[in-house]
Amino acid sequence: METTPVEIDGVASEYIRQGAGQPLILVHGTASDALTWEKHVETLSSSFDVIAPSLRYFGSAPWPDNGSEFGTTRHATDLLKLIDLLEVKEVICAGWSYGGNVALHAGLLKPDAFSSLFLYEPAAASLLKDKVNREKATADRADMFARTAQRLKTEKPEAVVETFLDDAAGRTGAFKSMPTYVQKRCIENASMLNLLLTMVPADLSLDDFAIPTTIACGKDTRDFYRITTEGLEQQCESITARWIPEADHLWPAIDLQGFCGELSDFAQAYR
């Protein structure tokens with residue numbers, strides 16, 4: 001599948017698109033890009049106009065700077081500008097991991113751009129109001145990143161990405177259980193790991209958030225994602241949790257049909 005080049009705020013980017021019908025945007029996560037969704041796009045395009053962008057500092061486009069603008073503010077703004085450029089309306093947006101954070105941020109910036117959001121394990125513990133749960137989730141996030149942060153001091157990011165994704169899933173061998181084309185995308189996008197580990201979360205609040213949203217979470221996932229999902233559902237009436245049996249953080253790549261089925265069922269309700 002070929003990517004389509006696009007310029008957003010003078011910066012080169014890219015996306016893939018296939019299908020017809022209601023727009024469905026897929027936002028990738030860490031160490032990833034548009035082509036991580038290649039097989040998902042092929043599956044979902046029979047029912048939707050599927051669009052999968054590569055966020056800034058991801059994909060094949062050169063970085064416009066040293067990564068100084070990396071964060072959900074920039075990525076959410078770019079996503080909204082792509083939506084305007086493509087002139088799509090009533091968008092259903094699905095985000096995985098960091099991509100879930102981007103989708104949430106975009107929804108807060110421009111709620112009327114989206115009909116609904118489907119998020120798989122967003123890394124959004126900073127949005128939790130409950131101090132105890134926020135601290136528990138943040139502590140597990142620190143444990144999750146510890147080996148990656150240490151190895152990045154002496155090794156190149158592409159040599160560390162397997163450690164990062166194994167620890168995100170909470171099990172050895174998780175990275176290698178993904179399809180080889182997804183592994184390749186992760187390795188080729190590993191250079192952004194340093195940006196992720198030093199990123200300061202945006203100061204956001206869900207107090208006025210009203211977009212119908214499902215946060216799906218694997219029953220076998222680690223505490224960081226579980227606590228975040230439970231907490232966000234409890235504090236925001238527009239958010240509903242969906243628990244996926246025998247799934248961890250890499251479920252969207254490992255079980256393509258299962259993920260696409262869950263997303264399709266969700267999207268059908270908001271057509």
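A residue is called buried when its relative accessible area is under 20%, exposed when that area is over 50%, and partly exposed in between, with a 1.4 Å probe and protein chains only. By this rule Leu104 is buried, because its relative accessible area is 2%. The structure is a predicted model, in which local features need pLDDT of at least 70 and side-chain atom pairs count only at pLDDT 80 or more, while totals for chains, interfaces and linings use all residues. Residues are numbered from 1 along each chain as its sequence is written, and side-chain values use heavy atoms, with hydrogens and water left out.

The protein contains ten helices and eight strands, where helices (H or I, at least four residues) and strands (E, at least two) are DSSP runs numbered from the N terminus. The radius of gyration, which is taken over C-alpha atoms, is compared with a globule rule of 2.2 Å times the number of residues to the power 0.38. For 271 residues, a compact globule would have a radius of gyration near 18 Å, and the value of 17 Å found for the protein therefore agrees. Along the principal axes, the C-alpha atoms fill a box of roughly 45 × 40 × 35 Å.

Of the 271 residues in the protein, 57% are buried. The accessible surface, computed by the Shrake-Rupley method with a 1.4 Å probe (for residues, only the protein chains shown count as cover), comes to about 11,600 Å², and carbon and sulfur atoms account for 47% of this surface.

A disulfide is defined as a pair of cysteine sulfur atoms within 2.5 Å, and a search of the whole structure finds zero of them. The sulfur of Cys93 has its closest cysteine sulfur in Cys260, at 15 Å, and this is too far for a bond. Cys260 is likewise in no disulfide, the nearest cysteine sulfur being that of Cys93. Cys93 counts as buried because its relative accessibility is 0%, and Cys260 counts as buried because its relative accessibility is 3%.

Leu104 belongs to helix H3 (residues 98-109). When neighbours within four places in sequence are left aside, Leu104 is in contact with Leu117, Leu119, Ala124, Leu127, Leu206 and Phe209. Between Leu104 and Lys219, which are 115 residues apart in sequence, the C-alpha to C-alpha distance is 22 Å. Another of the helices, H5 (residues 157-169), holds Thr163, which counts as buried at 7% relative accessibility. Not counting residues up to four places away in sequence, Thr163 touches Arg147, Thr148 and Arg151.

Val6 lies in strand S1 (residues 4-8) and, at 17% relative accessibility, counts as buried. With its neighbours within four places in sequence left aside, the contacts of Val6 are Val11, Ala12, Ser13, Glu14, Tyr15, Leu82 and Leu85. Val6 and Ala61 stand 55 residues apart in sequence, and their C-alpha atoms are 10.0 Å apart in space.

Several loop residues were also examined. Ala31 is found in the loop between strand S3 (23-27) and helix H1 (38-44), and its phi is near 50 degrees, a positive value in a residue other than glycine. Tyr57, in the loop between strand S4 (49-54) and helix H2 (72-86), has a phi near 75 degrees, again a positive value in a residue other than glycine. Ala31 is buried, because its relative accessible area is 0%, and Tyr57 counts as buried because its relative accessibility is 4%. Asp203 is placed in the loop between helix H7 (193-198) and strand S7 (213-218), and with a relative accessible area of 78% this residue is exposed. Although Asp203 and Leu127 are 76 residues apart in sequence, their C-alpha atoms are 8.2 Å apart in space.

How values were computed: Contact means heavy atoms within 4.5 Å.
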